[in-house]
Amino acid sequence: MAADYPYAGYYPASTANYTPANRPTDYSIDRVIIHVTQGSWSATINWFENPAAQSSAHYVVRSSDGYIGQSVLEKDIAWHAGNWYYNEHSVGIEHEGYIDDPSWFTDAMYRSSARLTAYLCEKYRIAVDREHIIGHDEVPDPNNPGEYGGADHHKDPGPYWNWDLYMSYVAQYAGSVASGGGNGGINYKRVIDNADDTTSGRFSASGNWRWSSWNPERYYWNYRFTTPKAVSDTAKYRFDLPQSGSYDVYAWWPANRGYNNSVPIGVLTTSGWRWVRVNQRRNGGRWNHIGTFEMPAGDQWNVLVSRWTAGKGYIIADAIKIVGR
């Protein structure tokens, strides 16, 4: 059985540690709850697999590199909140580490978890705010209804969890109002990352486009980079657009002063390819609006990043987002 989240590995918890359900049909999902494991990533995964645990969470995020394991499918009720109503209506995300040691809360962990939370918010129409993305310590204590922090209540994620940074990342990855787009006329929104060459076959690039994870502003675990050259050697993104019409196209890249200041990005429109040039020395780690285009329906390679430029510096191919208008 595959994980729900396409960038997670699946490590199923024991069936003794969660409640089967059919969410969101039988129970709405309207919150994400942030936890800290008080132990290692592997120990947490193993504990959820142990029938004696009597506890579980949907996801576990590793500190060193942000790798995500899923232990309970989103449709099922994980036992993580200490409050049954909150269990029924939330997704629980554990983070490797200890609440009194901030060194565990790496930028890779924050970014990877924020991408997951953004995915969940978009999938289940959860508001990107602190009323709906909460810490375990904000779940009402069932032994003291209506109040927080009862005698036996959990204290995670603790005082060193950087909520401002985390929520800023969630807003970036979700495509907030400031960077989003589309008025809902065409119900379509999809992100294709360079990692989708192995997960879904929707990204393709030659061996001249090398892998890197050096720049922390990357969209996910890594990105591709290459040098300028007057050749037809593009990085390609494949979207399945439901109908012909108007779409907003966004690109995500990590920025660096050594990157290229004139990168050609091609978009397949109803009247042929249209090319836009972007400066990858600026505006890294966020969605950049490339333009609004009339695009044809169908499943095809419809966004390209080209090497053919007189600009200097590395050319980056990371993630592309298309939103219907």
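**Exercise 1. At roughly what angle do the axes of helix 3 and helix 4 cross?** Then work out how the two helices lie relative to each other, and which residues meet.

*Solution.* Keep in mind that you're looking at a predicted model.

Step 1. Find helix 3 at residues 107-124 and helix 4 at residues 163-174. Their axes come within 8 Å and cross at roughly 50°.

Step 2. Now put a word to that angle.

Step 3. Look at who touches whom. On the helix 3 side you'll find, among others, Tyr 110, Arg 111 and Ala 114, while helix 4 brings residues including Leu 165, Tyr 169 and Val 170. Sorted by class, the contact has nine nonpolar, two polar and four charged residues.

**Exercise 2. How much space lies in the second largest pocket?** Then describe its lining.

*Solution.* Step 1. The second largest pocket holds about 410 Å³ of space.

Step 1. Go to its centre. Out of 20 lining residues, the closest to the centre are Ser 55, His 80, Glu 94, His 136 and His 154.

Step 2. Strand 3 (31-36) and helix 1 (41-49) each give two or more residues to the lining. Helix 1 supplies the largest share, with four residues.

Step 3. Sort the lining by class: ten residues are polar, seven are nonpolar and three are charged.

Terms used. Residues numbered from 1 in each chain as written. Predicted model: local features only at pLDDT ≥ 70, side-chain atom pairs only at ≥ 80, totals over all residues. Heavy atoms only, no water. Axes fitted to C-alpha atoms, helices over the stretch in contact; angles between N-to-C directions. Contact = heavy atoms within 4.5 Å. Nonpolar A, V, L, I, M, F, W, Y, C, P; charged D, E, K, R; others polar. 1 Å grid on protein atoms, 1.4 Å probe; cavity = no way out; pocket = protein on both sides within 12 Å on 5 of 7 lines; lining within 4 Å. Points joined across faces, edges and corners; volume = space filled by probe spheres on them.
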